[in-house]
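Student: Could we go through this structure together, a piece at a time?
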Amino acid sequence: MKPSVLAGFIFGILVAASVWFVPLSGLPSAAQHCLALSLLAVIWWASNVTHPGYTSVLLLGGYVLLKVAPGNVVFGLWTTPIIYLVVGGYLIAAAVRDSGLGERIAFWYSSRYLSNYRSIIVSAYLLGFLLSFLIPHPWPRCFLIMSVMLMIIKTAGIPRADAANIGLAVFAASCPTSAILLTGDSVINTIAVGMSGVELSWLGWLWQMGVPAIVATLLTLGLQLKLYKPTQEVQVDREHFRAKLAAKGPLSGDEWKCLLWVGLAVVLWATDSLHHIHPGWIALMVCVGLSLPKLGGVLNAKSWNDVPIATLFFLTAALAIGKVGAYTGMNEWLATTLLPDQLPHNPFVLAALITLVAIVVHMILGSVLAVMGIIIPTFLVLSSGADVNPLVIALMVYMVLTIHYLLPFHHMNMLVGASGGVGTYTDRHVLRIGLPLTLVTFIVTVGVMVPWWMVTGLL
């Protein structure tokens with residue numbers, strides 16, 4: 001066991017025990033126990049004491065077995081369509097991958113638009129956005145794009161240092177581009193909306209978040225091009241990708257079926273304000289269609305292996321922190337203890353305060369979902385008496401946590417990309433872009449989101 005892991009294991013227990021037994025003024029017993037268990041889970045998540053799925057099960061079981069909250073509150077996520085959008089997102093991603101459609105799109109794009117190092121970096125961002133229409137989760141999108149980038153790295157003889165920069169671009173791009181569409185990240189995006197308690201359609205998300213997310217994408221891309229220069233000129237062999245594309249032949253039956261079903265999903269997602277069917281139910285029904293004989297056949301029994309049960313428990317636990325915190329009174333106590341008595345009336349000052357608090361807590365705890373589960377409910381309690389739309393709080397905290405990180409463990413997208421292999425980047429690579437991203441985050445929230453939301457009427 002690594003010393004840091006052992007330290008996190010012991011520290012989490014000590015913190016939980018202290019909070020559980022030491023009297024805290026104004027904090028009800030159930031809320032105190034909720035805080036103790038929540039801090040234990042967050043510390044263990046941040047220090048990788050055990051797999052996040054096991055820590056999540058411990059937290060959820062602790063809430064129920066120790067009678068902190070009833071099961072319908074603890075496992076409330078499973079009674080909403082949000083969790084089923086997550087499940088559907090993984091299955092749709094498997095269909096796009098297994099049908100060969102995603103690879104075909106990547107080959108087609110590479111054969112036409114890649115030429116040098118700059119175009120490779122730009123393509124990592126553009127492909128990340130384009131594929132988000134088909135694959136509602138950033139990890140499989142990144143893996144697909146990275147498989148193409150690895151071909152480029154190999155055929156063009158790109159040095160390891162430049163390969164690391166390209167790998168960084170693929171996964172760094174997934175952070176801001178995932179915020180453009182509601183289904184850009186079927187996990188975090190939908191949970192952020194769920195925490196607000198306000199319904200937001202697919203087009204509604206695009207209207208409120210599209211402009212800020214596009215600006216965040218362009219600013220992150222600008223940092224990437226400015227900070228990571230190639231060590232030598234890169235020439236991409238487009239003929240290599242044309243040959244790969246030609247070898248695939250015309251669209252296969254599975255590719256056509258996948259294209260039609262996923263296209264139907266995109267149309268229904270975009271018109272959910274008309275038919276009022278939640279994107280989660282649409283995703284599940286499309287998955288059923290992709291499994292039907294003759295009409296589908298792309299998904300099968302093995303496709304369910306692509307739905308990570310540990311991730312679903314992690315999402316349930318991260319959301320349960322806020323739900324149980326509200327049920328026990330923990331959120332209200334945190335709001336009155338840690339934050340000012342009232343939120344600033346000036347929207348620019350409010351945005352700066354939310355951004356600062358979210359960044360500080362995120363840098364300490366690391367987990368995006370865990371921080372969302374604490375910060376969003378806490379600010380919502382404080383804003384309950386003010387004339388502030390809950391979406392403003394939820395979406396602004398979400399944006400901060402989505403686009404800002406210093407080290408890989410601060411964002412799962414970045415951590416997944418740093419897991420090994422050719423094109424792998426290091427903590428040093430991430431920190432180099434993470435530091436200026438702090439300023440970018442304030443620019444996006446204070447300088448873009450506030451003025452844009454004044455135009456849209458959210459503020």
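**Contacts and packing**

Tutor: This is a predicted model, and a place to begin is Thr 328, which touches Pro 28, Ala 30, Ala 31, Cys 34 and Val 68, not counting residues up to four places away in sequence.

Student: Where does Thr 328 lie?

Tutor: Thr 328 lies in helix α16, which covers residues 309–328.

Student: And is Thr 328 buried or exposed?

Tutor: Thr 328 counts as buried, because its relative accessibility is 10% and the cut-off for buried is under 20%.

Student: What lies 3.5 Å from a polar atom of the Thr 328 side chain?

Tutor: That is the backbone oxygen of Gly 325.

Student: Changing topic, at what angle do α11 and α20 pack?

Tutor: Helix α11 (residues 202–227) and helix α20 (residues 390–403) pack at an angle of about 30°, and their axes are 12 Å apart; angles under 35 degrees count as roughly parallel, so α11 and α20 are roughly parallel to each other. Their crossing is right-handed.

Student: Which residues of α11 and α20 meet there?

Tutor: From α11 there are Trp 205, Met 209, Pro 212, Ala 213 and Ala 216, and these meet Leu 395, Tyr 398, Met 399 and Ile 403 of α20. The residues of this contact between α11 and α20 divide into nine nonpolar, no polar and no charged.

Student: One more, then: what about Leu 264, where is its place?

Tutor: Leu 264 is in helix α13, residues 253–270, and it is partly exposed, with a relative accessible area of 38%.

Student: How far apart are Leu 264 and Ile 354?

Tutor: Leu 264 and Ile 354 are 90 residues apart in sequence, and in space they are 38 Å apart, C-alpha to C-alpha.

Key: Residues numbered from 1 in each chain as written. Predicted model: local features only at pLDDT ≥ 70, side-chain atom pairs only at ≥ 80, totals over all residues. Heavy atoms only, no water. Axes fitted to C-alpha atoms, helices over the stretch in contact; angles between N-to-C directions. Helix = DSSP H or I, 4+ residues; strand = E, 2+ residues; numbered from the N terminus. Parallel < 35°, antiparallel > 145°, perpendicular 65-115°, else oblique. Left-handed = near helix turned anticlockwise from the far one by under 90°. Contact = heavy atoms within 4.5 Å. Nonpolar A, V, L, I, M, F, W, Y, C, P; charged D, E, K, R; others polar. Buried < 20%, exposed > 50% of the residue type's maximum accessible area, 1.4 Å probe, protein only. Polar contact = N/O pair within 3.5 Å; in protein donor to acceptor, adjacent residues only side chain to side chain.
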